[in-house]
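This report goes through a few local features of one protein model. Please look over the sequence and the structure before reading on.

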Amino acid sequence: MEKAAVLDRLIKEHGFSVRSFAQKCDIPESTLYTILKKGVGRASVNTILTICRNLGITVEELDEMATGVSGKDLSPSYEDVEHLLARNGKEFSLEQKIQLIKLLSEIDDKKD
């Protein structure tokens, strides 16, 4: 489900019209209408934060509702860690390198 559709559903579930919710958020009704019809991609971050705050959710929760994927479910893959090391490994401290070794061993354990 698109983020705009999630917002539209939540606004209705909270008993608001587009006009009344825009007033609650102190944003122009036309701005909210455009977000709901064309998507959140062109809206300002502050506007989306305001909308989410007034719905009692976080931006992360909006994303989870739209994608069905929890940010907590996204653990790094071996390839993610390998890419990170290739780009930044020389700048890591000894402690950071040790943490990465532990992380890699946890990833390997999950594969088995």
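The model is predicted, so local features need pLDDT of at least 70 and side-chain atom pairs count only at pLDDT 80 or more, while totals for chains, interfaces and linings use all residues. Residues are numbered from 1 along each chain as its sequence is written, and side-chain values use heavy atoms, with hydrogens and water left out.

**The helix pair**

Helices are DSSP runs (H or I, at least four residues), numbered from the N terminus. The axes of H1 (residues 3-13) and H5 (residues 59-67) cross at roughly 105° and come within 8 Å. H1 is therefore roughly perpendicular to H5, a term for angles of 65 to 115 degrees. Axes here are lines fitted to C-alpha atoms over the stretch in contact, and angles run from 0 to 180 degrees between N-to-C directions.

Contact means heavy atoms within 4.5 Å. On the H1 side, Lys3, Val6, Leu7, Arg9 and Leu10 meet Leu62, Asp63, Met65 and Ala66 of H5. The residues of this contact comprise six nonpolar, no polar and three charged; Ala, Val, Leu, Ile, Met, Phe, Trp, Tyr, Cys and Pro count as nonpolar, Asp, Glu, Lys and Arg as charged, and the others, Gly among them, as polar.

**Two single residues**

Buried means under 20% relative accessible area and exposed over 50% (1.4 Å probe, protein chains only).

| Residue | Relative accessible area | Class |
|---|---|---|
| Thr50 | 18% | buried |
| Asp26 | 72% | exposed |

Thr50 belongs to helix H4 (residues 45-55), and its side chain reaches the backbone oxygen of Asn46 at 2.8 Å. Asp26 sits in the loop between helix H2 (18-25) and helix H3 (29-38). Although Asp26 is not a glycine, its phi is positive, about 60°.

Key:
Helices (H or I, at least four residues) and strands (E, at least two) are DSSP runs, numbered from the N terminus. Angles under 35 degrees count as roughly parallel, over 145 as roughly antiparallel, 65 to 115 as roughly perpendicular and the rest as oblique. A polar contact is a pair of N or O atoms within 3.5 Å; within protein, one must be able to donate a hydrogen and the other to accept it, and residues adjacent in sequence count only if both atoms are side-chain atoms.
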